[in-house]
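Hi everyone, thanks for making time.

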Amino acid sequence: MRYKPFRTSCLVATLAGVATCAALAQQVPGLRNQDVGAPTLAGSTTYSAATGKYTIVGGGNDIWNASDNFHYAYITVTGDFDYIVKCEDLQGPDNWSKAELMAREIDEATYGGPMGDDRHISTMTTRAGGQNEVALQWRSNARGSGSAWPNDIGITAPLYRPTYPNTWLRLERVGSRFWGYASQDGVNWTELRGSGYDFEGLNGTETDPRADGNMANTLAIGMAVTAHNDGDPNGATAIFSGFRAWTPVPINITTQPPATIETAANSTLTITAAATGDPVHYQWYKGADPIPGATSATYTKPLVQTSDSGTYTVRCFGAKQTTVTSAPCVVTVTTDTTPPTMVEAVGSANFVNAFITFSEPVVPGGTFTITPSLAVTGSTVSADGFRVILTTARQAEGTEYTITVNGVRDTAGNTIAANSTIAFKSFSFLLGSVMMEQWDGGNNGGINGFRDRTIGYAEPPTDPTLPTSSSIQPAFETPSWENGSNYGGRLYGWFIPPTTGNYVFYCCSDDPSYVYLSSDESPANKRVIAHDPQWENRRDWNGDIRNDGSGNGRGSEGYYSNRSDQWSDTEWNGTVGVPGSGEWTIRLTAGRRYYLEGIWIEGGGGDGLGVTYRLETEDESVVADGTASRITGNLVGTYADTSKLPPVIVTHPVDNLVLNPGDTATLTVVANNPAPGELIYQWTHNGVDIPGATSATYTIASASVKDMGQYRVRVSNKNGTVTSGGGSPNPTVVMVTAKGVFAIEAEDFDYDGGQTKPEASVMPYLGGAYEGLSAVLGVDYNNDDDPGNNMVDGHPIYRWGGDLGSNADDPNTSVSMGNETPGGLFASNRLGEWTMTANYKIGWVGNGNWGNYTRTFPTPAKKYYIFASGSYDGVSDGQINGSVGLVTAGVGTATQTVQPLASYTAQGSGDWSRNNLVGLKDGSGKLAEVEIGGKNTIRWQYNSGDAEVLLFVPVDQGGGTVGTVKISVSGNNVTISEDPAGGSTVQSATSVTGPWTDVGPAPVTEAIGSGAKFYRLKR
């Protein structure tokens, strides 16, 4: 049986002998509050009459899944509504700690109030340092059903980020539909993705209406807080204000639809209107009937028919608004008299199909002839009518064919022009290539639904859906671990074993995946050999949570489902033709082609797939975690229509360069063009095009600190563009050695309200001075990352105090400059001056996260360039960004004045374990020159990208004319000096042509040895 929960009508907390219940009632009449579900921590709601703010503390494990645990302060409303509230702050113990404006279906007669499994819909906000998003979420079906948010129905964009203390939330209801909004000022609102969610209709990629129909007419609405960590003793705390009904702005139609429209059948009908007001929504009608899904200012219908003729209007409405109907638009659809034409023809990897795309839907029939002589044995029309699939005799590789078409008709009976022709090129085998395909929204139905329905692997086979996009990759892994959200993907190619023997295949994916291998080159003979049941990190080949699909650690027998030699559900069942071979033995012959395929799905967050291998006779270290897929180069290839392919980068530019001032270095890319025409090149520096850098090489003629940063090159042909450094290998990072560098470590922000350690101002600073020091949130730093545990793997987190701390700061798991990959770019030196003995990063940063760094700079003041060092697992624009300012007043207090100095934005670095150096720029877009000296407090705001170190590099690096070399001998020693002294470096070599090696700053004294030795000065 169900028990009624304990419920109070309001929180009674005695403060100075006065109960707060009266204050609550004065603010929002009828407001009640209680814990919902069974959170361990008892929540509370406190209202301050002086400030008009609510402080709500909530425990519980989440508002999600089949039942919720949180604290709720609410009133009840009947019918349509539109409510707003301002969330000024949210602190909590987890990335997914939440504060929500929630409408909830409660059954007081049966349960006495809200229960954990009530239906609800909410405008949710999360911590800036956590999930960092404002979004809708809901439970749409009966008690005990699961929860959802827009990602689950295929709606992934746009994202809205909270901006505390100015995060306004809004929730509107009209009938069965609900809209969520967010705002930074409480006046101008952004509609959130997933709006308007319809409890009686369909949304996004959902295929079934809600079984339980509309929400109740009377709902609870109010403020909800959950910790998302039920074991945390403090829970989550949110500060709310301004909870009230929205005052509507009346609707006015400002643009009426046209009075009449005439268009031909099989064309696209477009009708547009516009209205002002808030809230305002649109619903188009044909006659008296609403048109499903026609809910925007513009109504578009492709391929209209004569039956679509009629009178169209749009009704503009909103909660508590008077509905306004537009003037009518009379649409006349005339008979289609335009014959179909052919748009494109392509071959296929099986060499027995050709696909013709038409300008409009066609019906079965017609004749197809292919030259040079190629028999056509059948033709079918796709479900949408736009494609005809021809079955042919086997096509020769890489051959130009011409299709002649007669008698094909569109749905109106118009016949294609006699003897219409179109050409296609049959596929060719491209060594060193893997085909990657992506179906946006294809993750609906999980990995099995994607496999069976979207790409058509069900029995009997279904008509496959064409991928949204496709590209050629150089290895059997996705180029990064962030390719989008809510999609299904496929990698396929032909594996060419280097050695005859028994092979073991490994996979890792985010989210679930299957890997298939054929016993020969035919895809028809593929069998599933490995499976990743959930998400993993990139190149995590040996993670111990993928046993038999349970996700609860290694199975009782220690088997891994992502290994072909251990997965119990493998379809391989021994090697064909090898009697008595083991159940999982995959024996392959060197030099033969074997079809290999991997499919995966993605919900949100990181995503991708990788497959690698080892021979049974090889040590398992060849597939150590973090290693790239070995299925690359001459071990793999794929078939493709080369005439329609973008360029393929064969050799990427070098991963990194460490240069001395004045050095010359050339970056080179080698790319193949599979299609006719020329290649076009464009080099970029931190995402900005370099003027004139439009060849396969780019030369840094005389290196200076201004050249530091990340370099990539775009290579384009008529079919598309590829960019260097899209994953593995990584983008090129150039570091130029410098003198007089002043470094600020990201983790070394002030402590105890503006206090600083003087040793952090003495260069070179080797790190570690702030270990274990507490800091004041909102005074010394602003980063509400998950505190987690202050011990990780038996090691203390580098810095623990207040609300700060995360696994990212653990010495075992942090990304340090001393261990940067590849090649130790930041390990060998710190811009040429010193090595780093202890270095950490601040991860999981978000908009509005910052640290104050009080330092004593060298005097007299000098001008500096500022470089931010950060990382991001991706290469998209803006993934590394932030700013630097100067705190001019209020250091050590909660009220500070900050003077902006410069900002930075750049593409991601390609990996969380790899830094980029990004120069900060002024308002004009030039590299900023900041003059500073003496004691100052720097405010570093790191909005995106793990923050590592801030480098102040003197603008004046002691350039100018090198003095005269002076050599003097004393006993068995020789001294090399500069006259006049100017800060040059002495270099030596055993040949006048080099190579030259730095000895040290002039003057230098060395012992005289045997043989010739040459010296020079370099500045």
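Predicted model: local features only at pLDDT ≥ 70, side-chain atom pairs only at ≥ 80, totals over all residues.

The average pLDDT for the protein is 86, and 88% of the residues reach at least 70.

Okay, cores. The largest nonpolar core has 40 residues, and Tyr54, Ile75, Phe81 and Met223 are among those with the most contacts inside it. Strand 5, residues 81–91, supplies the largest share of that core, five residues. Apart from it there's another core of 35 residues, including Leu657 and Tyr698.

So what does Met223 touch, if we skip neighbours within four places in sequence? The list includes Tyr54, Ile56, Val85, Phe240 and Phe243, plus His71 and Glu100.

Now the backbone. There's a cis peptide bond between Ser195 and Gly196, omega about -20 degrees, and Gly196 sits in the loop between strands 11 and 12. Another cis bond joins Asp510 and Asp511, with omega about 10 degrees; Asp511 is in the loop between strands 36 and 37.

Asn65 has about 55 degrees, in the loop between strands 3 and 4, and is partly exposed at 48% relative accessible area. Asn686 has phi near 50 degrees, in the loop between strands 47 and 48, but counts as buried, at 11%.

Definitions and conventions:
Residues numbered from 1 in each chain as written. Heavy atoms only, no water. Core = buried A, V, L, I, M, F, W, Y, C linked by side-chain atoms within 4.5 Å. Buried < 20%, exposed > 50% of the residue type's maximum accessible area, 1.4 Å probe, protein only. Helix = DSSP H or I, 4+ residues; strand = E, 2+ residues; numbered from the N terminus. Contact = heavy atoms within 4.5 Å. pLDDT = per-residue confidence, 0-100.
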